[in-house]
Amino acid sequence: MFGKLFGRGGERPAADPHALPAPRRQNGVYRLQSLGDTRVMALVVAAESGDWDAVKMASAHFDLGRDHQVLGELSDVDGVQGWIGRVVEEDPEHRATALLISGSRHIIWGWEARTSARASDVSRDQWRTFYERLRTAEEHLLEAAELRPEWITPWRRLLTSGRGMSLGGAVNEARLGAALRRDPLDLATHLEWVSYLQPRWHGEPGEALEFAREAFAGAPDGHRLGCAVAMAHIEDWVEADTKNCLDTPEIQAELRDAAKRSILHPGYQRRPGWQEDFNIFAMALSLACESVVAPRVYHELDGAFTRWPWTYMAQPEKAYARFRRHA
């Protein structure tokens, strides 16, 4: 059916030899682990055990200076902050990589101390720990960027730490420019800036969506950048006072067209973690009550749930399962 609706793009891609087997649950939904990739899982296991040699060996399959998602998996490993500083000092050949991992981990570690509570509910001790960890992150990421000027991932992460430390528009815009000079179509950078432009941070209503639309308009068919448009609508939903704000024919049509020209286009490349791109569209389409393309997106996911962007929901996995049933 989906092949008839969408042409050749409806055909399921060839099996990935590195794909992790999907664990099944009673409701057919499962949480994606290690980007669904055996090589990423080996990298995560090495980081969990603090085995730097194994981390280097496993990371050889990827370019941490450009692959935000793989770096993100490393950044989420609790305990990395306990041993990566020693590596920075003891392995000069791989110092830049160690600094990159350390800086990225310290951002996540900093937000763990701050928590997702409203600013008014964060204690003085939490704020102090938050800033201490982000200052370490800034120091390490800036040195990594200096050592490897072609890398984009340090600049993308510096946008996050700059937002958290309220470094101001001039600093963060300079960092945005540094990232986009290295890759003008980098999705992760655009998604971070979509967040930055939200009214709860530093933007004005509608500014993020305008930014996302302009960026996607300049992208080739099949590019992931369509996710920026979907994410901008999700962010608008987060900011809105009414939760049916996306349920309009205009937004439904825009999301439908963006999905067809990006993740559902035959030119879209499924790399490790592609399921997060589909989850972004799944959430946006569901919030917009779109009923034509949403079923195709959930069909392609085949139950794979990613934490982002569903963390905006009170019960993320249950929300995913509910929307999936109704798609």
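1. Start with Leu35, which sits in the loop between strand S1 (30-31) and helix H2 (38-48). This is a predicted model. Phi of Leu35 is near 60°, a positive value in a residue other than glycine. Is Leu35 buried or exposed? Leu35 counts as buried, at 9% relative accessibility. The cut-off for buried is under 20%.

2. Asp302 also deserves a look. Its phi is near 55°, again a positive value in a residue other than glycine. Asp302 belongs to the loop between helix H15 (294-301) and strand S2 (304-305). The relative accessible area of Asp302 is 36%, which means that this residue is partly exposed.

3. Next comes a peptide bond to check. Trp308 and Pro309 are joined by a cis peptide bond, with omega at about 5°. Pro309 is placed in helix H16 (residues 307-310).

4. Now the salt bridges. How many does a search of the whole structure find? The search finds 25 salt bridges. A few of them are taken up in the points below.

5. Begin with Lys56 and Asp53. Their side chains meet in a salt bridge, at 3.6 Å from N to O. Both residues lie in helix H3 (residues 52-59). They are three residues apart, about one turn of the helix. An α-helix has 3.6 residues a turn, so residues three or four places apart point the same way. Asp53 counts as exposed, because its relative accessibility is 53%. Lys56 counts as partly exposed, at 23%.

6. Lys56 has another partner. The side chains of Asp91 and Lys56 meet in a salt bridge, at 3.2 Å from N to O. Asp91 lies in the loop between helix H5 (84-90) and helix H6 (95-114), while Lys56 is in helix H3, so the pair ties together parts that are 35 residues apart in sequence. Asp91 has 13% relative accessibility and therefore counts as buried. Which residues make up the network of salt bridges here? Asp53, Lys56 and Asp91 are linked in it.

7. Glu239 and Arg200 form a further pair. Their side chains meet in a salt bridge, at 2.8 Å from N to O. This pair links distant parts of the chain, 39 residues apart. Glu239 is in helix H12 (residues 226-239). Arg200 is in the loop between helix H10 (187-196) and H11. Glu239 is partly exposed, with a relative accessible area of 28%. Arg200 also counts as partly exposed, at 37% relative accessibility.

8. Turn to charge on the surface. Glu204, Glu207, Glu210 and Glu214 gather there in a patch of negative charge. Glu214 is found in helix H11 (residues 207-217). Is Glu214 buried or exposed? Glu214 is exposed, because its relative accessible area is 60% and the cut-off for exposed is over 50%.

9. Gly218 lies in the loop between H11 and H12. Gly218 is exposed, with a relative accessible area of 58%. Gly218 and Pro184 are 34 residues apart in sequence. In space, the two are 9.7 Å apart, C-alpha to C-alpha.

10. Helix H8 (residues 153-164) has twelve residues. How far does H8 reach from its first C-alpha to its last? The reach is 17 Å, close to the 16 Å expected at 1.5 Å a residue. H8 is mostly covered, with twelve of its twelve residues buried. Among the buried residues are Trp155, Leu158 and Leu159.

11. Helix H14 (residues 274-287) has 14 residues. From its first C-alpha to its last, H14 reaches 21 Å, close to the 20 Å expected at 1.5 Å a residue. Why is H14 described as largely enclosed by the rest of the structure? The reason is burial: 13 of the 14 residues of H14 are buried, so the helix is largely enclosed. Just after H14, Cys289 takes a positive phi of about 60°.

Technical notes
Residues numbered from 1 in each chain as written. Predicted model: local features only at pLDDT ≥ 70, side-chain atom pairs only at ≥ 80, totals over all residues. Heavy atoms only, no water. Patch = residues over 30% accessible without salt bridge, like charges linked within 9 Å, V, L, I, M, F, W, Y side chains within 5 Å. Areas by Shrake-Rupley, 256 points an atom, 1.4 Å probe, with all protein chains shown as cover. Salt bridge = Lys/Arg side-chain N within 4 Å of Asp/Glu carboxyl O. Lys, Arg positive; Asp, Glu negative; His and termini not counted. Charge placed at Lys NZ, Arg CZ, Asp CG, Glu CD. Helix = DSSP H or I, 4+ residues; strand = E, 2+ residues; numbered from the N terminus. Buried < 20%, exposed > 50% of the residue type's maximum accessible area, 1.4 Å probe, protein only. Expected span 1.5 Å × (residues − 1).
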